[in-house]
Amino acid sequence: MQPRTPLVLCVLLSQVLLLTSAEDLDCTPGFQQKVFHINQPAEFIEDQSILNLTFSDCKGNDKLRYEVSSPYFKVNSDGGLFALRNITAVGKTLFVHARTPHAEDMAELVIVGGRDIQGSLQDIFKFARTSPVPRQKRSIVVSPILIPENQRQPFPRDVGKVVDSDRPERSKFRLTGKGVDQEPKGIFRINENTGSVSVTRTLDREVIAVYQLFVETTDVNGKTLEGPVPLEVIVIDQNDNRPIFREGPYIGHVMEGSPTGTTVMRMTAFDADDPATDNALLRYNIRQQTPDKPSPNMFYIDPEKGDIVTVVSPALLDRETLENPKYELIIEAQDMAGLDVGLTGTATATIMIDDKNDHSPKFTKKEFQATVEEGAVGVIVNLTVEDKDDPTTGAWRAAYTIINGNPGQSFEIHTNPQTNEGMLSVVKPLDYEISAFHTLLIKVENEDPLVPDVSYGPSSTATVHITVLDVNEGPVFYPDPMMVTRQENISVGSVLLTVNATDPDSLQHQTIRYSVYKDPAGWLNINPINGTVDTTAVLDRESPFVDNSVYTALFLAIDSGNPPATGTGTLLITLEDVNDNAPFIYPTVAEVCDDAKNLSVVILGASDKDLHPNTDPFKFEIHKQAVPDKVWKISKINNTHALVSLLQNLNKANYNLPIMVTDSGKPPMTNITDLRVQVCSCRNSKVDCNAAGALHFSLPSLLLLSLFSLACL
C-alpha cells in the first residue's frame, strides 16, 4: 500500500488552521468533511447513491453548484454522489468542487483499491501534492484557490479567503502578482479588511492556467508587516475546445493487393484543453466512406492512435476492379474519451489505391500489315496494345523492341507517350529491287517490372508484315561527282568525257536521255543519247565562273518511265593555267615637287592573273623617253616591284612615262602602261599642280603608300 499523498494532510492542516484562526466564528464555510475513502466495488451502479457530502457557505447555500472531476459522476443539490452509468474503474482519486456566490471549497474522494487510468483528472490538482502550506512563524494562512474557467456573470465573485489570526488592528491585506498589479492587470483583488479574494472576469485556462499571487499585510502607511506569502490560483479546465485537425490536407497511399492490416496513414487532431484531463482525451472513428464499394468498411482507424489501416482482403483491394481508386473518409475526433458529451472535430482523409504492375501489356491483334514506297522514310504503322494498369505509371507505359527481321537496322520503333502505341518507322530507305517484303517480330514490355506472379505471354509479341511498293527511281550517275582535268583555251569542240548513268529500276526496261542542267559560263554541250560532253566555247581559268581553278557543271539523266524520273550528276573540270594574261602595273599616277631634294617618284608594283610560273619575276623597263635622256630612271626592288626616280628636277608640268613590264611565262607576255607623273609647285606646305584634276598627294605620301603595298605582299 502506497503512503497517503501530502494532499490529504495539506487539506486537513489548512482546515485545522482555518478553524483555529476562526474559532470565534459560529460557522466555517466549506465542506464539513474534506476527505472520503471509498472501497473500489466490482461496479459502480447507475443512479445508486455512493455517499453524501455536506457543504455550507454559512449564508444559506443559495445557488449552490457541484462539479465532479470525472464525467461519469454527478452530485445532486442535496450533496448525494451518484454514478451516471455502470462503471468498473474510475481511477484512484475523485474531486468534488462546490461553489456559491459566497464561498467555494473542494473535497477529495480516495478510491481504495482503484488503479490509474488514462485521462484521470487528478493531475489538475497537482498543486495539492506539490504545494503544501505548512504552518510557519507567521499568522497569514492561505490555501490554493481553484476557479473553473468560463464562469458567467455576475462579477466580481468571491473565490477564496486569506486568514491572519494575529493581524494587528487597522492593518490591511495587500495582493500582488500577475493578474493583479502586473499584466493582465485587475483580474483578482482582495478585500483589504476581510481578506476575501475575488475574481473580476471570466478566466480562460488555455490563455493562463496558473496565476502566482502574493499576499501580505501592511500598516496604515503601507509598510509591510508580514509576508509576502505565495497564493496560487489554479484555473480548472472546462471542455470548451473542439478537436482540430491542423495538418491537412491528409492524403495517403496504399498499394493494391496489400495485406489486410496494412497501415495507410495516421490522423492526429489537436485539442487545446488540458491534456491531463478527459477534456483532451481523443478518440477517432470513421464517420463516412466514399465510395462504399466493394465494401462500406474498407478501412479501420485505431480509436486512440489515429492509424488508418486496411481491413479488406487483398483480392478486394484490386485497383483494376474498383469503381474508383480514390476513397474519401470523413474522420471524426471526439474528446472526453469518445463519450457522447464530448466535442467533435472532423477532417477528410483521401486514400489513393496505387497501381502495381500486375497486368502485362497485350497487342490488340497478333499480326499487323504495313506498306511503304521504296526510298521513303517515316512512320508506316501504329501498333496498338491494351494494359489495365494505371495510365499515369510505368506499369502502363509500353516499351517496344524489334527482336527479329531487322538486320540492316532499317526500322525503328518508338512509343507514343499519349496513346501508348508503338510507332514503327523506316529510318533507312528500302529498295524494292533488293527485297519487296519484310517481316518483323516485335515484343512489348512495361517500363516497370512485372510483379513476381505475373509474366509476359504470347500476347506480348506481334508480327508486322511490310510490303515495299516499287517507285520509278531516277537514274544514278557513276561516279558522282565526275572529274576531268584540261588546259584552259583548248579548242572549241574538244571532248571532255562521256558520262554514265544507270537506272535502279532493274526490273523495268527504260531508256535514258541526257541534258545540261547548270552550265554557268555556257561552255559545254552533252549528247542526249550517249552522254558525250564537249566544249562550245573557250575555257578560261581566269573566268569569274571558275573557283580555285575548278569549273562546276550539272547534268540531268531522264528515264522513260511514266512519269519520267530524273537523276542529277556533277562534273568538276580542273583547268590548267596557260600564260594568256599580260601583267599590269600599279599605281599609274604619281606626284613630285619641282624642288624636291629626294628625286624618287614612285614605287611600282606588278600583278598577273595567271599562275606560277607564268607570273613573276617581272621585268620593268622605260619603253621610250619623252624628254632628253638621263632624266628618268627605273630600278628593280624585288620580283614584283621597281622604283621610278628622276635624275634631275623638272619644271612644273604633267609627264607621261611609258612603263613596259614583262612576265616570266614561256613565251612571255608584255604590257606597256603610261605612268602619269605630275610635277607640282610645293611652297609653304601647299602643293600646286598646273593640270586640272591633278591628284594632290605629296611624293612622301606616294612613297609611303608604295612601301605599304610592298609590306602586304
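The link of Cys-680 and Cys-689 is right-handed, with 90° about the S-S bond. This is a predicted model, in which local features need pLDDT of at least 70 and side-chain atom pairs count only at pLDDT 80 or more, while totals for chains, interfaces and linings use all residues. Residues are numbered from 1 along each chain as its sequence is written, and side-chain values use heavy atoms, with hydrogens and water left out.

The sulfur atoms of Cys-680 and Cys-689 lie 1.7 Å apart, and the pair counts as a disulfide (a pair of cysteine sulfur atoms within 2.5 Å). Cys-680 is buried because its relative accessibility is 1%, and Cys-689 is buried because its value is 8%; buried here means under 20% relative accessible area, exposed over 50% and partly exposed in between, with a 1.4 Å probe and protein chains only.

A search of the whole structure finds two disulfides. Cys-593 and Cys-682 form a disulfide with an S to S distance of 2.0 Å. Cys-593 sits in strand β45 (residues 589–593) and Cys-682 in strand β51 (residues 670–683), so the bond ties together parts 89 residues apart in sequence; strands (E, at least two residues) are DSSP runs, numbered from the N terminus. The Cys-593 and Cys-682 link is left-handed, at -85° about the S-S bond, and both cysteines are buried.

Turning to Gln-151, this residue belongs to the loop between β11 (145–148) and β12 (157–161). Gln-151 counts as buried because its relative accessibility is 6%. Beyond its neighbours within four places in sequence, Gln-151 is in contact (heavy atoms within 4.5 Å) with Arg-99, Arg-157, Val-199 and Thr-202.

Key: Helices (H or I, at least four residues) and strands (E, at least two) are DSSP runs, numbered from the N terminus.
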